[in-house]
Amino acid sequence: MSNPPSRGIYLAILGAAVLAVAGGAAFWTASRQKPQTSADQIVTVDARSCQPNAITVPGGRRSFEIVNASDRPIEWEIVDGVMVVAERENIAPGFHATLAVQLAPGSYEMTCGLLTNPRGTLTVTASDEATAAASEVTLKKFLGPLSEYRVYLVMQGNQAVKAAEKLRDAIDAGDLPAARAAWAEARLPYRRVEPLAYRFSDLENVIDPSAAYLAGREQDPGFTGYHRIEYGLFAQNSTEGLAPVADRLVADLGTLAERLKAAPLDPALLLALPGAMARQLAEAQIPEGENSYAGNDARDLTAATEGIAKLTGLLRQVVASVDPKLDAELGTEMQAATDAVAALQGQDWSQVPAEQRQKLAADFTRLAETLDRLQPIIGMN
Amino acid sequence: MIGTYLKTTGLALALGGWAGMAAADPSLDLVGPLADYKIYVAENTAQLVADAEAFTTAIKAGDLDKAKALFAPTRTSYEKIEPIAELFSDLDVSIDARADDFEKAEADEAFTGFHRLEYGLWEKGSTEGLAPFADRLMADIHTLNERINGLTFPPEVVVGGAAALMEEVAATKISGEEDRYSRTDLWDFDANFAGSQKIYDLLKPLIAKQDPEFVAKVDGNFAAVDAVLAKYKEGDGYVSYEKLTDADRNLLSSKVNTLAEDLSTLRGKLGLG
């Protein structure tokens, strides 16, 4: 006896067909919902990965629609090395969110849900839009570097006060070796911020005057500040009579710290500071010496070079995308000057041969000339 | 010794300010607040390093009570500066990821950091086996401190951070999932609010004149949040999250969402959209 297909089978087939149609309808509805976006790229994050898991977009301002198809809240990030470039946090299951971000050409990664899930890759290709954005010089590109320099001024300004207080305490205690060591330390933060500090001429004239520029030389009543203390500690070999000078220095550095904190900064100033300082070193301290009693100019120059390097590094952040070649040259010149100063550490400046000083001065002049080339490229006026 | 011409031109440049910028561009007035914010962050990371030293030392000494007492206050410095801290993808994961970010949850070997320690101290009720996690946390925090000190803060991240912290509270803190083992969520809440309000307060002078209504509304919402949180203060910190009433949770939730929405307009208002 043949067994005709039972009624049940027909029902099952019918049921399957209905489910298939319903499933298709659901898929159709879901897929209809996603393209409502005007985003450049849709990324669906499911329980295991991003779909697609490898994306290529042209550089410039790109938008991404992130669809959370997993059953837990997710965050989606574009990562460059260890740095997050952009992110959308806390996208609930079933929801989607858009993210627009300015992308420079390069290789990035995308996080895809669980931290244990493999990351996707995002390749950003060169484009006219990206080239235009990179070469554009805007005030916005200067805001970070200007703010960072202000932080540096505040930190080093405070450090200068603290170091001078330590010097004063050693002088008050009549401890000559401690005072000499503290003097050398106290110079360093001041030298780091000197590119701006020396422009406050009233303070500079009481904090850092040199006897050679005063009519009465060491006996001149205007001989105050760091070098007056240096004269006592290293030429007269005594802390005697230095307490009031040290008190005054602490007070003047306090005023300087306030001024450094309040000084208005702008791109033109940031551009002018490091080259002017490098040139000044090449023309004055390197050939002639400045700490004539202590002879430790080499150590001072390390701090002065750090101050120039801070500024140069900040300007490089601006120029890097505009003129990568100049950026690289600045890196090379800055390193050469840093290395040249490092090689002279520990020597009494009066013992450094003239030709070696000339060579060092040339390094700083070349650095200044390279810094000069920034003005036509990222100068804003 | 000194080029007088440099002095005079330099000061003229310094005092001349910035003229002629288009209205849509950000202003140089942002430099002060951005710098002050980095100093605030630097102070908090210095505090975080000091607090984490004490916290991890207690764990390694096997002092359970002390370690539990130090957990929440140590986290606050991290929670305040989260907009910057979470820029470092690797460290944010190893310092502050939650168990459910991992495939095997608490059992996942990649689960480290504050919440791994929290899990051990509260769920397991013991410092046993936590020393390697304590060492790792301390090392990560030192690295974070160094990286932050060397970082030029991106202006749009700082300005956007005020809203980002509120979104963080809205999405994961209100539900009480952040500190699920210790129930110290209200400490984190307070720190997130403080971090957001710091950014807002620094930027307020730049928008107060042109947008007094906005400032009044945001000030009011921050004050409302403070008033709710004040009810749950205990000693230097907060009572357990379980004591938060439904009514207060709802009120906080609505204020947080409004703040997130309002603060998200700061970038546009300041030309960093």
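**Figure 1. A:Arg259 and its salt bridge to A:Asp202.** At 28% relative accessibility, A:Arg259 is partly exposed (buried is under 20% relative accessible area, exposed over 50%, and partly exposed in between, with a 1.4 Å probe and protein chains only). The side chain of A:Arg259 forms a salt bridge with that of A:Asp202, at 2.7 Å from N to O; a salt bridge is a side-chain nitrogen of Lys or Arg within 4 Å of a carboxyl oxygen of Asp or Glu. A:Asp202 belongs to helix 5 (residues 201-207) of chain A and A:Arg259 to helix 7 (residues 243-262) of chain A, so the pair ties together parts that are 57 residues apart in sequence. Helices (H or I, at least four residues) and strands (E, at least two) are DSSP runs, numbered from the N terminus. A:Asp202 is also partly exposed, at 43% relative accessible area.

The model is predicted: local features need pLDDT of at least 70 and side-chain atom pairs count only at pLDDT 80 or more, while totals for chains, interfaces and linings use all residues. Residues are numbered from 1 along each chain as its sequence is written, chains are lettered from A and ligands numbered from 1 in the order in which they are written, and side-chain values use heavy atoms, with hydrogens and water left out.

Figure 2. In the pair A:Glu185 and A:Arg299, the closest N and O atoms are 2.4 Å apart. A:Glu185 is partly exposed, at 41% relative accessibility, and A:Arg299 is partly exposed at 32%. Another salt bridge joins the side chains of A:Arg187 and A:Asp300, with 2.9 Å from N to O. A:Arg187 is in helix 4 of chain A and A:Asp300 in helix 9 of chain A, so the parts tied together are 113 residues apart in sequence. Both A:Arg187 and A:Asp300 are buried. Over all chains, the whole structure has 44 salt bridges.

**Figure 3. Helix 6 of chain B and its cover.** Nine of the eleven residues of helix 6 (residues 113-123) of chain B are buried, which leaves the helix mostly covered. Among the buried residues are B:Phe114, B:Leu117, B:Tyr119 and B:Leu121. The cover over the buried residues includes helix 2 (31-60), helix 3 (64-80), helix 5 (89-96) and helix 7 of chain B. After helix 6 of chain B comes B:Gly125, with a positive phi near 60°.

**Figure 4. B:Asp140 in helix 7 of chain B.** B:Asp140 lies in helix 7 (residues 131-150) of chain B and is buried, with a relative accessible area of 8%. Leaving aside neighbours within four places in sequence, B:Asp140 is in contact (heavy atoms within 4.5 Å) with B:Leu91, B:Ser94 and B:Ile95.

**Figure 5. The largest nonpolar core.** A nonpolar core is a set of buried Ala, Val, Leu, Ile, Met, Phe, Trp, Tyr and Cys residues joined through side-chain atoms within 4.5 Å. The largest has 150 residues, and those with the most contacts inside it are A:Ile229, A:Leu253, A:Phe364 and B:Leu263. Helix 3 (residues 139-172) of chain A supplies the largest share of this core, 14 residues. Beyond its neighbours within four places in sequence, A:Leu253 has contacts that include A:Ala160, A:Tyr190 and A:Ile207. Another core, of 21 residues, lies apart from the largest one and has A:Val45, A:Ala86, A:Ile91 and A:Leu99 among its members.

**Figure 6. The largest cavity.** On a 1 Å grid over the protein atoms alone, a cavity is a set of points where a 1.4 Å probe fits but cannot get out, and lining residues have an atom within 4 Å of a point. Grid points are joined across faces, edges and corners, and a volume is the space filled by probe spheres set on the points. The structure holds one cavity of 30 Å³ or more, and the largest cavity has about 40 Å³ of space. Its lining consists of A:Glu89, B:Glu82, B:Pro83, B:Glu86, B:Ala164, B:Leu165 and B:Glu168. With three residues, helix 8 of chain B gives the most to this lining.

Notes:
1 Å grid on protein atoms, 1.4 Å probe; cavity = no way out; pocket = protein on both sides within 12 Å on 5 of 7 lines; lining within 4 Å.
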